[in-house]
Amino acid sequence: MLKHGVFCGFPAAHRRRTGRWLVAAAAALWLAFAGYLPSADAHAQLLKTTPAAGFQSDQSPASVELLFNERLDPGGARLSVLDQKSHTVTSADPERIEQGKGLRLVLPKLGEGHYTVSYDVISADGHPVSGAYVFTVGHPAPLPDAGQLDPHTQVGHSHNHGSGTALTDRGFLVYASRILYYAGLLGTAGLVLWSLYRGASPLVREVRERWIALAGKYTLLTTLAYVVISLMDLGQGEPFQDWLRILTGTTIGKLYMAELLLALAAPLLVGLGSLGRLFWAAVFLFIEAWSGHAAAFAPKAYTIGLDFVHLTAASLWGGGLVLLLAVWSRERPEAGRFALVFSRLALYSFLALWVTGVLSTLAFLPSLDYLLYTVWGKWLIAKAAVSILVAVAALLIRRRLGKGTLPQGILLKTDVGFLAIIVFIVGVFTYQSPLPANEPLHYHEMGTDMHYTLRITPNAPGDNSFTLKVWLPEKSGAPKQVVLRMLPLKRNDVGYIEVPIKAYKDEEFDAYTGYAKFAYQADGPYLPFAGEWKAQVR
């Protein structure tokens, strides 16, 4: 018994033997029950996935199922499937299966592409478990990259399209010709479209016809210069025969030929009727939409259609603004009456420009973050900023018209100045690629305990080749396990994707004295969508 904190009534030796028996009994009891108690760092483990990681089939799976080795917390399960643009394919909630040990997410019919399954669950013992893997439906084509948007690639010449920082003499000519060409195309097409307005006064018609005659000749000259300088750029110093090959054997060359034919007809627009003028403007704008970046993205009917509407709206606004300023310089009261008509149509054109511009940008880019990755995106931001200034000037003009007063000359000239700036920006940024160049990754890090090299080719969304080499001190022996995982940055909804690397015999001569090399490879869609990724080597 215990009295005042001291054992009494038993000899000391007996007390020691009793204490040892008690400790032994407690240890035996702990060992007996230890197998039934959850360990401090135990958590749910993923046992099976359907479809499996790396699965590829022509048929779309009906659902995604995950099965774990223990029950999951009913309120902490998240399961989603993302397409190649990292958009979720369904907003449905996952259902619990297998007595709470699994999750099932019913899928809509999926088209060709690489799909990322991302899960984030909490096991019954309160531990979070997350991860991701990829499966493939069909045989998806690679996503467009900067190389596919480069006309030099199409004609069989290598060129770093629009991504150089130094402006060469040839580059200056290319940009200058494009700016002048766009000014002629948009101005002439816009004046032609305004000739369809039947309510124009005799003075407006007279001014319009005079400017159409001038604009037609200007368009012929600038289109000739643009095509010739573009062929010089595409030919890269090759003989004249190569120009003929480009014009007759490539899509971009045939589009150039069509633009030349339409430009030859531009000085004849004054003598054409309304239908002939409309046909000329519509075909020229459509060809320009077809020859741009929109033709490299799918579905082409959607992207080219957006670009066509965008160019048409720009022509109506630009041509109408030039006509308004020309009439204002002749007779200001008549300019005020025309301004009432123009301001309404300019508002609709401005809205169409913004809507089609935003939709085209979303079609081109995997995410709006890409606006900051390329020169194209920065010029587009500049264009959007100037267009906001255009809207402010237009509101001031409409405000004066609403009060029954004529628009100020300084406002009209400012608006035309903004138009010139936008045409300048368009001439520059349409020659840039909206997507960054996908250059193979070759990363090497030296250390005292380990060197390693990671190569990812082509380092683009979709299928890639992964090569990982690890150098360890010779006395360390071979690594028991090497793990390579890829994590998309700025995406809290997607976990690490494990790359299933396997050892291979490397024949490259890249030895380090005192170190043994171990090489691993994998091929597959482990960069399933565009974005910034972090590689983790363990």
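Predicted model: local features only at pLDDT ≥ 70, side-chain atom pairs only at ≥ 80, totals over all residues.
**Entry 1: overview**

I started with the whole chain. The secondary structure comes to 11 helices and 18 strands. The protein has 538 residues, and 43% of them count as buried. I also looked at contacts between residues at least 6 apart in sequence: 68% of these join residues at least 24 apart.

**Entry 2: helix H3**

Next I looked at H3, which covers residues 169–194. From the first C-alpha to the last, this helix of 26 residues reaches 38 Å, close to the 38 Å expected at 1.5 Å a residue. Is H3 mostly covered or mostly open? It is mostly covered, with 19 of its 26 residues buried. I kept in mind that an α-helix has 3.6 residues a turn, so residues three or four places apart point the same way.

**Entry 3: aromatic pairs**

I then went through the rings. A pair of aromatic rings is described by the distance of the centres and the angle of the planes. I have 23 aromatic pairs on my list. One of them is Tyr181 with Phe284, a tilted pair at 6.4 Å centre to centre with 50° between the planes. Tyr181 sits in H3 and Phe284 in helix H7 (residues 274–290), so this pair ties together parts that are 103 residues apart in sequence. Why does Tyr181 count as buried? Its relative accessibility is 1%, and buried means under 20%. Phe284 is buried as well, with a relative accessible area of 0%.

The pair Trp194 and Phe342 came next. Their ring centres are 6.1 Å apart and the planes stand at 45°, so I put this pair down as tilted too. It links distant parts of the chain, with Trp194 in H3 and Phe342 in helix H9 (residues 332–364), 148 residues apart. Trp194 and Phe342 are both buried.

I also wrote down an aromatic cluster: Tyr181, Tyr182, Tyr226, Tyr256, Trp280 and Phe284 form one. Elsewhere, Arg485 lies over the face of Tyr496, at 4.0 Å from the ring centre.

**Entry 4: nonpolar cores**

In soluble globular proteins, nonpolar side chains tend to be buried together. Here I looked up the largest nonpolar core, which has 87 residues. Which members touch the most other members? They are Tyr256, Trp317, Leu323 and Phe342. Two of these names were already in my notes: Tyr256 from the aromatic cluster and Phe342 from the pair with Trp194.

Leaving aside neighbours within four places in sequence, Trp317 is in contact with Phe342, Ala346, Ser349, Val390, Asp415, Leu419 and Ile422. Apart from this core lies another, of 24 residues, including Val134, Ile456, Val470 and Met486.

**Entry 5: Tyr302 in H8**

I picked Tyr302, which is found in helix H8 (residues 300–330). It is partly exposed, with a relative accessible area of 38%. What does Tyr302 touch, not counting residues up to four places away in sequence? I found Leu359 and Ala363. I also checked Ser360, which is 58 residues from Tyr302 in sequence and 9.0 Å away in space, C-alpha to C-alpha.

**Entry 6: strand E10 and its partners**

Strand E10 (residues 128–137) is mostly covered, as eight of its 10 residues are buried. I looked up two partners. Strand E9 (residues 113–122) runs antiparallel to E10, joined by 10 bridges. E9 and E10 form a hairpin with five residues between them, and Gly126 in the turn has a positive phi of about 90°.

Strand E4 (residues 56–57) runs parallel to E10, with two bridges joining them. Here Ser57 has Val137 as its bridge partner in E10.

**Entry 7: the five-stranded sheet**

Last, I traced an open sheet of five strands, with antiparallel pairing in the order E11-E12-E13-E17-E16. Which strands stand at the edges? They are E11 (441–445) and E16 (502–503); each has a single partner strand, so one side of each is left without a neighbour in the sheet. For E16, I looked at the pairing with strand E17 (residues 515–527), which is antiparallel over two bridges. Within it, Ala503 has Tyr520 of E17 as its bridge partner.

Technical notes: Residues numbered from 1 in each chain as written. Heavy atoms only, no water. Phe/Tyr/Trp six-rings, centres within 6.5 Å; stacked < 30°, edge-to-face > 60°. Helix = DSSP H or I, 4+ residues; strand = E, 2+ residues; numbered from the N terminus. Buried < 20%, exposed > 50% of the residue type's maximum accessible area, 1.4 Å probe, protein only. Lys NZ or Arg CZ within 6 Å of the ring centre and 35° of its normal. Core = buried A, V, L, I, M, F, W, Y, C linked by side-chain atoms within 4.5 Å. Contact = heavy atoms within 4.5 Å. Pairing = 2+ DSSP bridges. Expected span 1.5 Å × (residues − 1).
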